[in-house]
Structure formats: structure tokens, C-alpha cells
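Please find below a short note on the model under review.

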Amino acid sequence: MVNDAAAAASSGEASRVTATAASGEAASPTRFTKPAEPRRGKGGRGPKRPKATRNPKATRNVEATKPAESAEMATPRRSAATEAPMRLSVGQLVEFREGLTAMDRDMTDAERVDLLRALEEVTGSIAAAQATLAADLDASVREAQRAAGVPAARRGAGVAAQVALARRVSPSRGVVQLGLAKALTAEMPHTIAALAGGQLSEWRATLLVKETACLTREHREEIDEELCADPAGLEGWGDRQLVAEVRRLGADLEPEALVNRAKRAEADRRVTLRPAPDTMSQLSGLLPVGEGVAVYAALKGEADAARSRGDERTRGQVMADTLVERVTGQSRAEDVPVQVNLIMTDRSLLGADTEPAVIPGHGTVPAGWARDLVTTALQTDHKDTASSTATGTTGTSTTGTDLSSTGTSTSTKAGSGSVGVWLRRLFTDPSGSALVAMESAARRAPAGLARYITTRDQTCRTPWCDAPIRHIDHVQPHTRGGATEADNLEGLCEACNYAKEAPWWSTRASSDGAAGSTGSPGSTGPPVTIVTPTGHTYTSRPPAPPGAPRQSRAAPEPSASEDRRQRRTDAA
């Protein structure tokens, strides 16, 4: 039964994942039962840790009352025969997942609460299994690369990218997940055991790994045992309480490590910009605490002074405007020169069409807001104003930078006098669904072609990665005859471009990738297929430009890995 798989998955085995294929008629809903309570201590056994070793101020007693279990709800513990590791198949997990989606919703509220807790525990077991698999994958790939003669400094390249693709997350998130997996499996056995037993969430396990990262392995293992050998002692703790206790223990064991960690943190100071809803952006600065407090105090002081003079703006508005004015040197925040790549159709720019515009690196913005942006730039008396607008169909693009005409585009300056709005026109194919391709005889994409690729792809082309484009790279390497043309170029972030250079990775453009062709309805250019060392394939398609014909999304063709997975499911 599916409930057997749920109980087995939350039973506390660190390196074992057990699932039993569901039986019975698929059409009938699955009746879930409450799993057995997990055993306490290391591996479900072992004595509780003496309370004297804990911080008495950090403990909290939590009593939870639960309805009495009936014989129907109770689930027996696994027998000794099931203690041996089982070979888990994708087919078993698929059936378990389908059982969850077909569960019988006719139950009491007490049963719903019990299932919520049980499913949360199963989630921890799944996270522990994923960590174990990721660590094993890293070890296997490193060994294969060693046998192939890969230098030690390059071994392990591409593993985090494989983890990210498999888990459908960004490459940066894949790096975090792989690092978490290696720390848990190699240095924190009690933490991963608690995670597998459902007594610890993946997020709280991440906090434990993060807060002990600066310690030696010996001290990290000591904290791991102190806190997680008996995870029942953490019951009721909040995240802040957990972090505070880890830091207290770390300060007692290795105070100099925390001091060095604070010094290294200053090297990570930076300023970042992220898109926010409603055509806003979020500018963040990671600064040493003294400098951050000083900046905030200066902005707050200016806001208080402005408010005392009768300024009608809110304190937050004055602080934001003051930040812009002091950083840019302008007398008014709204007079800052605009330098934005804005992609929109001519119908949206010159008429009243509602087709949204696109700002590469930010996303979609309303057509009316985009028109206002251009209008404001035209009305602002600044010689250096730079507002960039490129079209997806028959429109124009504007920019104050030097955009000399390249390929099939044309460039004109709108307005007169000191207005700095430049219009650049990018043509599409007759269907209106793809930008006309450009090409070059050089190995490195020239500025015009690079701008075209950045405009077309908008963000990194790797699936589930939306990082800004940093590299314009060949799909088929130039050294293997790949042409420097739009259909053989893609925009990538640094991490993804380096990952594809790892051993046994490859990429290929679609066979129908003639100039101007589209890999899917409404997309620009051919799709690109990524092939990982394990043979799994992932397809990347550039986004459709504004004004592209809206068509229903057809079901994608199954990849080779999906075919293999289906065959394994059928065989199971």
C-alpha cells in the first residue's frame, strides 16, 4: 500500500529510502493511514543526551495533545526483513506520487492533521535521500574524471549543474544543494539521520550546516552530536533559537573561527539589483554593519529634515530619492538619465496597443508604462539621456549609447535639441514570431550581434536559470566548425557557460535551426538541447518577442531520459 511507503520513508534511516509500489485498482482513491512514530536517538536507538549539556535558557517544553489512535489508524513498525537497503526505482516513486494525488479526502480533521505531519516527515526523508544521491553523484563523477586524467583542480566540474537541472532549480541553488549534501553525508551524520527520520526539515538542516561551516570538522561533528543525536530535544525550537544555540556552542568551541568568519564576510560586500513587482526594482547593499548603519542614518536624517521643512513626501520616499540623488549626482531623482533596453512593438510605442513591453533582465512591463518612459525621456532636457527601446515585430528601439546600424536594423534619433532618445529597428520574419538572424565571420560575436543575442534571449538560456547574460557563447563550438551566427549563439551566465565546458557535456541546436526558424510556437530562433554526462537531455528555447502570434502551447516531445524513465516505470 502507498501508506506503507510513507511510513517507511519517515522511519529514520539516514542512507536508506524504502518505497513499496501501490497495489489495487488505480481508479479508487488511496486511503492513507497514520505512520508509526519515529524512534528517537541515533538510528532510532541510543540513549537520550543528558539535559545538563544543553543551554537551560534555550530549552522549551512543548506538549501536544493528539487524538487517541484507533486500531484502523495504527501502522505497525517495519519488520527486520525490511531493514536491509532496497533498490529504489523511479517507477516506485511515480506510483507513490500518483497515490498522493489520488488520496481519499473523506477523513476527519484529526486525520488531516496527522497526515500533514506525516507528509512533512516524508518530505524530510526525501530531502535526505536527495542529499545522499547528490553526494554519491559527486563522488562518482570525481572518480571518473580522475580516471580520465582530469586535473585535480577541475574534478567535480559540472556536478552542481547536473543537480540543479535534475531538481529544476537555478545553478546557484544547485551549488548550495550539493554543498549541503556533501556536508551532511561526510561530517554531520546525526543531522542527516534526523532529516531522514522526519524530525528535522531541510531548511533547519541547512541552518545547521551554514552556521557550522567556519568550524573545524571535529568541532562541527561535536555540535552535530550535541544537537541532533537526540533531535527530540529540538522540538518546539524556532529557527532563531536554533541558530543562536549553534552560535553559542561554536563560540565556546572555536571563538577565533567566528572572528575570522566576520572578517571574511567584509570581503563579500556588494550591491545588487533585483526586479520587483509593478515596474519597481530593489537595490540592495551588503555592507559591514557600521557602514550600513551610517548610510541608513544619513538617509533617515535627511528625511527627517525634509519632513520638518514641510515636504509632503513620506519618510521612505525622501530616503529613496536622496539615495538616488547622492549616488548619481543629480539634483532631482526623477531627472536621472534613463538607460534602459526596452523591447516593444511599434503598435505599442506609437499607438494604443496593449501588447506588453520587455526589459531584458527585469521582465514584462505594461505598454502604457513603457510609453510613459519614452515620453518622459523625450521631455527631459538632458543631453546624456539614454532610453533604449527595441521592437519585436516592426517596432523601434531607442538608446542613447552608440548603436551603429548592424545587419538589418536601422537607427534614427527622435526629437530635437538635447533629447537623447535613439530609435533602433529590429525586423522579424514574415510570421512575426522570430527576430531576423544576424551573423559574423569572426569567432567572437561583434557588438551588434551580441546585442541582438542579449535582446533575443533576455536571460541565461539554461533551463531554470534566469541570471543575467554575461557570455555570448557558441552552441556548437567554433573549434568544431560552429559558425558565429545567431542560430549558433546563446546568452549564458558565467556559471552555466563554465559548466558546459566540463567533461562529457555537450550542446546542440535543433536540426530545424535554419536562420529565422523557431523551435516552438512564438519562440525566437531554434531550441538548444543540453546533454549531460549521464545522457539526460534538457531543451532550452528563447522567449517569444512582443507581438509574436499567440498560439496554444503544444505538449513537448519526450526527451531521451523521459523515454528511459517511462520504460523503467513500465518494467516496474
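1. Helices (H or I, at least four residues) and strands (E, at least two) are DSSP runs, numbered from the N terminus. Residues are numbered from 1 along each chain as its sequence is written. The model is predicted: local features need pLDDT of at least 70, side-chain atom pairs count only at pLDDT 80 or more, and totals for chains, interfaces and linings use all residues, while side-chain values use heavy atoms, with hydrogens and water left out.

2. Arg168 sits in the loop between helix H4 (159-167) and helix H5 (171-187). Its phi is positive, near 60°, and Arg168 is not a glycine. The residue is exposed, at a relative accessible area of 61% (exposed is over 50%, buried under 20%, partly exposed in between; 1.4 Å probe, protein chains only).

3. Gln458, also a residue other than glycine, has a positive phi of about 70°. Its loop runs between helix H15 (447-457) and strand S10 (471-474). With a relative accessible area of 17%, Gln458 is buried.

4. Beyond its neighbours within four places in sequence, Leu208 is in contact (heavy atoms within 4.5 Å) with Met188, Thr191, Leu200, Leu227, Cys228, Leu242 and Val246.
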